[in-house]
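The points begin with a term that the later ones rely on.

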Amino acid sequence: MLLFSMEKRGAIEMSIGTIVIIVLSMSMLIMGMILIKNIFSGTTGAVDSINRGVIDEINDLFTDKNSKLAIAPSTRKIQIEQGTLDLGFAFSVRNVNNEEKRFSYSVAVDPDFSIQTKCGIATREADDWILVPSGSMNLGPGAKSELPELVTISVPIGAPLCTIPFVVSVKDGATTYVETKVELTILAE
């Protein structure tokens, strides 16, 4: 009888210990997955504010002294869900000239992209999603913008699920200084 009671108590202690270990292991696993998700989504997702991470990423892209433009995320591809407000991308310009220059920039749907055919909306409608589509800056010789410019895009509910290329165009007066594309992929909410 005593032997049976000892075995039963040992079995209960072992099963409680096993349950505690399983619960702690699952908690650590979930916390680790959340941490990894947060680390990687900060650099590949859409930028919603200019923070130290965005500034550092743009500074890393300016390793070549002849680089005129750096964009975060560096993939130049962003994904935004329908109905999301105020997400986008950031960019910085460097003046590679030997004198101070005034640069102007604009962001618009790529004119070579047939948005009406491929996405079923008018170019003007997609251009209206960009909250600050243009601006300007003065840069000394070899200088880059101190803070990156934030281009925010508000994708309305019901926007078509497609990929739209936007052109970031930086001009030095009437001359195009640098131009590149950023792809916006619209996801279901």
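1. Buried means under 20% relative accessible area, exposed over 50%, and partly exposed in between (1.4 Å probe, protein chains only). At 13% relative accessibility, Ser154 therefore counts as buried.

2. The model is predicted: local features need pLDDT of at least 70 and side-chain atom pairs count only at pLDDT 80 or more, while totals for chains, interfaces and linings use all residues. Residues are numbered from 1 along each chain as its sequence is written, and side-chain values use heavy atoms, with hydrogens and water left out.

3. Ser154 lies in the loop between β6 (149–153) and β7 (163–172); strands here are DSSP runs (E, at least two residues), numbered from the N terminus. Not counting residues up to four places away in sequence, Ser154 touches Thr84, Leu85, Asp86, Trp129 and Leu131, contact being heavy atoms within 4.5 Å.

4. An open sheet of five strands has mixed pairing and the order β2-β8-β7-β4-β5; two strands pair if DSSP finds at least two bridges between them. Its edge strands, β2 (77–81) and β5 (134–139), each pair on one side only. Strands β2 and β8 run parallel and are joined by five bridges, with Ile78 opposite Leu184 of β8.

Conventions. Helices (H or I, at least four residues) and strands (E, at least two) are DSSP runs, numbered from the N terminus.
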